Amino acid sequence: MVQECTTLLSYEKQISQESKIKHTTLLAKSYLQLGDYNSAILWYRKSIKLTKDNPEKVVDTYLIISKIYIDYNIEGSSKMAINELSEAKSIIINNKLNIQYLWRIYNNIGIFYNRLNDFKNSKKNYNKALETALLIKDNEKIQISYINKGNLYYAGIETSKLNLKIYKDFNLEALKHGSKYNYAIFKNLGIGSYLQGDFEEALKHYNEALKKITLSELKQNSDLPKTSQINNSDYGKVIRILYEKTYSWIQLSKQSNKIENLNYGLQTINLADQLLDKLVNQVSDKDSKLHWREEASYFYNLGATICFNLNLSDKASYFIEKNKSLLLLEYTIENNLKKTLPEYLLKKELKLKKEKDSLLNLKIISNKEYIQDLYLKTQLKLIVFTDSLKKEFPEVYKVKQSKKTYSLTEIKKHIKPQTVYLSFIWDKEENQFDALFGMATTKDTTYIYKIEGLRKVDTLVNTYKSYLKKPFKQKGDLKNFQINSSILFNTLFPDKTIKTIINNNHNLVIFPDSDLQNIPFESLVSESESKKYLIESNSIHYAYSMSYLIENSKAKREAEKNFVGYAPLSFSYDNLSLLPKTKKEVVDIKKEIGGKNYINNLATKESFLKNSNSSKIIHLATHSNQLNNPWIGFKNNKLLLHELYTYKNQADLVFLNSCNSSLGEIKSGEGVYSLARGFFYSGANSVISSLWDVNDKSTQEITTSFYKYIKEGKTKSEALRQAKLDYLNTHSLSEASPYYWSSLILIGDDSVIKFESNLLFYTVLSTIILLILFFIFKKNKNRG
């Protein structure tokens with residue numbers, strides 16, 4: 001249906017207004033059924049504009065949008081929904097529409113006020129909704145009203161005994177009125193039983209809820225519906241029940257001390273995982289994908305909990321990998337596969353994507369109707385074009401769908417000697433087991449371990465970050481930092497086994513999660529007596545996921561030049577401070593490894609986009625900002641994060657010598673949306689970026705040393721390590737504070753950078769040696 005509607009609507013000028021309204025509404029409905037919430041909202045809003053002379057249609061559409069926001073709970077959606085519902089309420093009153101509309105308005109406004117923790121206004125609207133439902137004698141509406149009145153008293157695991165009783169009583173009252181929403185009632189009753197510690201009863205209620213939705217026969221608590229029994233439009237409802245059911249299995253296992261209950265929990269997660277994979281695959285909009293990735297991350301954390309208790313290392317690896325940058329992995333797989341397509345088609349697709357992203361940015365900062373329309377038209381063109389590619393080159397897209405995360409066995413084949421992968425999974429949103437998990441993987445071993453005390457970890461991480469963001473002024477500052485850093489190290493690596501693994505492997509590759517993505521492990525104090533930093537014994541770099549690290553290294557990069565550097569020095573906007581020292585920085589690097597620099601007036605955004613895509617190393621010495629929409633500064637303009645998604649490079653390394661370039665919004669299940677990540681989208685094999693405001697002088701020293709070691713043939717992480725150790729060995733007191741040297745981190749591939757000049761030298765040398773050997777052989781033969 002999506003394909004049919006998009007194809008027809010792309011010929012907008014050739015179809016009637018009636019057909020336009022019909023297919024716009026059908027398209028919105030189709031997106032909604034697929035779980036592509038953001039696209040559905042965009043097209044329903046388009047429908048409102050097309051039907052503005054039909055008050056009933058407008059009100060209906062506003063109500064549908066508000067219903068979407070009930071499931072698609074994104075930042076600002078509650079206030080937006082309340083405003084739109086208030087507009088719809090005015091239309092109902094002014095046009096004297098059916099009173100049933102008012103029930104829907106009151107009910108939905110009540111939901112959003114409840115979400116905003118405004119108990120008074122929520123209760124007021126729920127009461128009006130119930131009064132209206134009773135007045136019109138509509139049992140379904142009465143049932144929903146009682147369910148929602150009960151939800152007012154629910155506060156998760158913090159719900160008091162009194163409020164829990166009220167919550168359950170309202171749901172039991174709702175059961176007396178109709179049957180359409182019994183699935184929601186049984187889910188709520190299950191939650192009530194769970195909070196009362198009756199996990200068997202909770203599981204019975206959850207299965208009753210699943211039976212009502214899927215119409216499947218589930219006789220035992222361990223029974224689950226088959227995927228074929230679940231309608232696509234019900235995936236979201238089923239997933240939320242499966243989530244609650246998994247929690248009950250884990251708690252029942254603890255209560256009964258029966259391992260089989262954990263296995264039932266694992267089966268429940270496996271079903272949810274299948275449904276979530278389908279949703280992510282069938283959704284095209286980025287924000288909608290992120291929504292389902294966030295939903296998935298809750299399951300993967302529960303999966304890690306179960307696998308730790310069952311000691312299932314392979315399955316634990318699977319869940320931890322699924323929880324990390326899956327969308328980035330899929331994008332990289334797709335890009336690698338698409339390189340087999342004709343170049344003219346790739347250029348056309350890239351042009352459409354650039355137009356769409358440019359209009360998306362305008363749409364965000366402007367509510368002008370014509371911009372919204374232009375965005376939708378461009379989106380249609382891109383969808384139609386992508387569908388044509390899928391038809392013409394089905395083999396490319398089939399492989400993309402089938403390739404996901406790598407198995408633990410496959411991952412181990414790619415791990416180098418003397419290297420350990422250290423991966424973490426940390427659910428900060430909803431974690432009832434007060435723990436996060438770590439997993440250490442070498443070529444020969446896998447070790448899963450538990451880190452208990454989330455509040456303690458959270459406090460230690462935040463304190464650690466606060467110490468790092470400024471130089472130490474007094475001896476007491478250093479001492480306090482060393483105490484905090486040592487405790488954090490021993491918390492993240494709590495037992496002898498994991499410490500031995502770290503001690504036995506020089507190279508540490510960190511795959512962090514949640515707030516651990518915003519700290520450097522290099523400055524952790526690993527030996528409390530000697531106060532040695534971890535960097536003094538180990539080479540450290542970071543990656544988004546093990547699967548992504550493998551897949552991204554497969555990309556064929558054909559850079560023709562060694563180096564390109566950009567140093568704007570000054571900026572024509574935002575009163576940004578001058579950066580005069582960056583000129584010497586890029587000049588010194590060029591002297592070391594050759595290449596080309598764009599300095600001062602030459603360091604424009606246009607020059608970067610045109611001239612940087614064929615270099616092994618891209619070095620940017622400039623300003624950047626991670627807030628809201630991250631950007632990196634050039635002489636005349638900013639390059640925004642979303643623009644990196646349609647910029648392509650061949651870089652083995654992008655060096656972002658700018659403030660906070662590793663920071664950004666953390667998306668559950670995907671990681672940090674930073675400038676560093678943006679450069680990986682654009683093709684980089686590795687990125688060096690910063691975790692806080694960099695210091696010009698110290699960073700310049702470390703940068704110069706880094707390139708010297710890179711020229712000598714060291715790996716990227718070892719070159720950065722040696723550069724930092726050089727700094728530590730030549731500075732003392734306050735100047736040796738981690739603030740000065742630990743901000744820069746390496747993300748991605750760690751291989752040696754092979755420069756063109758070196759390749760040419762060795763090629764010529766090899767040729768000369770072969771010629772000499774040939775003449776010697778010929779001469780000896782003639783003598784014989």
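Does cysteine 659 count as buried or exposed, and at what relative accessibility? At 17% relative accessibility, cysteine 659 counts as buried (buried is under 20% relative accessible area, exposed over 50%, partly exposed in between, with a 1.4 Å probe and protein chains only). This is a predicted model, in which local features need pLDDT of at least 70, side-chain atom pairs count only at pLDDT 80 or more, and totals for chains, interfaces and linings use all residues. Residues are numbered from 1 along each chain as its sequence is written, and side-chain values use heavy atoms, with hydrogens and water left out.

**Cysteines**
- Cysteine 307 is buried, at 0% relative accessibility.
- The structure holds 0 disulfides (a disulfide is a pair of cysteine sulfur atoms within 2.5 Å).

**Helix H21**
- Helix H21 covers residues 454–468, which is 15 residues (helices, H or I, of at least four residues and strands, E, of at least two are DSSP runs numbered from the N terminus).
- From first C-alpha to last, H21 reaches 21 Å, close to the 21 Å expected at 1.5 Å a residue (1.5 Å times one less than the number of residues).
- Its buried residues are Leu454, Val457, Leu460, Val461, Tyr464, Lys465, Tyr467 and Leu468.
- These fall within an arc of 160° seen down the axis of H21, so they line one face of the helix (the arc is that of the directions from the helix axis to the C-beta atoms).
- They pack against strands E2 (435–441) and E3 (446–452) and helices H22 (475–492) and H31 (738–741) (contact means heavy atoms within 4.5 Å).

**Sheet E11-E12-E13**
- This open sheet has 3 strands with antiparallel pairing (two strands pair if DSSP finds at least two bridges between them).
- E11 (624–625) and E13 (638–640) stand at the edges with a single partner strand each, so one side of each lacks a neighbour in the sheet.
- E12 (residues 631–633) and E13 pair over 3 bridges, and lysine 638 in E13 is the bridge partner of glycine 633.
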